Amino acid sequence: MFTGLVESTGTVLSLEPRGESARLTLNVGPMAAELTQGESVAVNGCCLTVTGFDPNEQTASFDLLMQTLRVTSLGDLTSGSLVNLERAMAMGARFGGHLVQGHVDATLRVLDWSLHGQDHRLEVELPAEHRGLVIPKGSICLDGISLTAAEVTPTSVVCWIIPHTRQVTHLHTKQIGDRLNVEFDMLGKYVRELVKAQLAQA
């Protein structure tokens, strides 16, 4: 379980195809000294298992299943790409974001990424099949970043990004047309499934 508060960013060293899977190796900086084999780390909002790490080289490796490559944007990564990193939340720690599982629901294209005063306006597409899973002032997780949906239209979601968030995440590298991983709010998904079940029994 995660909070959507990005701890740091890492740099892609390689994404090596391995038949039906791939191995992602990152430079994660000082975080490498705190990792353990088998622990979970959210990489651009996708919960991955540490399968190798080297504190001296400040690297960490993760094995990606074909399913992970299919439903996330991790397959778009190239050497030098910046990624958002968050370790699993600790019991008793402050909880400043929202409940994030690290289970990516879809990828969304950036429609607008523009400067307005000191802040940035981030607008992403909202495909028809996902409408109703995000509400105005509700939570949405984009590439592992817990954000508030400032505006929800029939076809898109708008979030406002303060300078701090832009600088401490990978957002300053993003452009219109880029894909972002999205995890919709867990409560919204449960409600939708409960309503579907009730309607099916009616």
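Biologist: Where is the place of Thr107?
Modeller: Thr107 lies in strand β7, which spans residues 106–116, a strand being a DSSP run of E with at least two residues, numbered from the N terminus. This is a predicted model, in which local features need pLDDT of at least 70, side-chain atom pairs count only at pLDDT 80 or more, and totals for chains, interfaces and linings use all residues. Residues are numbered from 1 along each chain as its sequence is written, and side-chain values use heavy atoms, with hydrogens and water left out.

Biologist: And which side chain does the Thr107 side chain make a polar contact with?
Modeller: Its partner is the side chain of Arg179, at 3.2 Å; a polar contact is a pair of N or O atoms within 3.5 Å, where within protein one must be able to donate a hydrogen and the other to accept it, and residues adjacent in sequence count only if both atoms are side-chain atoms.

Biologist: Switching to Gly138, is that buried or exposed?
Modeller: Gly138 is buried, with a relative accessible area of 14%, where buried means under 20%, exposed over 50% and partly exposed in between, using a 1.4 Å probe and protein chains only. Gly138 sits in the loop between β8 (119–125) and β9 (139–142).

Biologist: What does Gly138 touch?
Modeller: Leaving aside residues up to four places away in sequence, Gly138 touches Leu147, Thr148 and Ala149, contact meaning heavy atoms within 4.5 Å.

Biologist: Which residue in β4 is the bridge partner of Val41?
Modeller: Val41 has Leu48 as its bridge partner, and strands β3 (residues 40–43) and β4 (residues 46–54) pair in the antiparallel sense over four bridges, pairing being called when DSSP finds at least two bridges between two strands.
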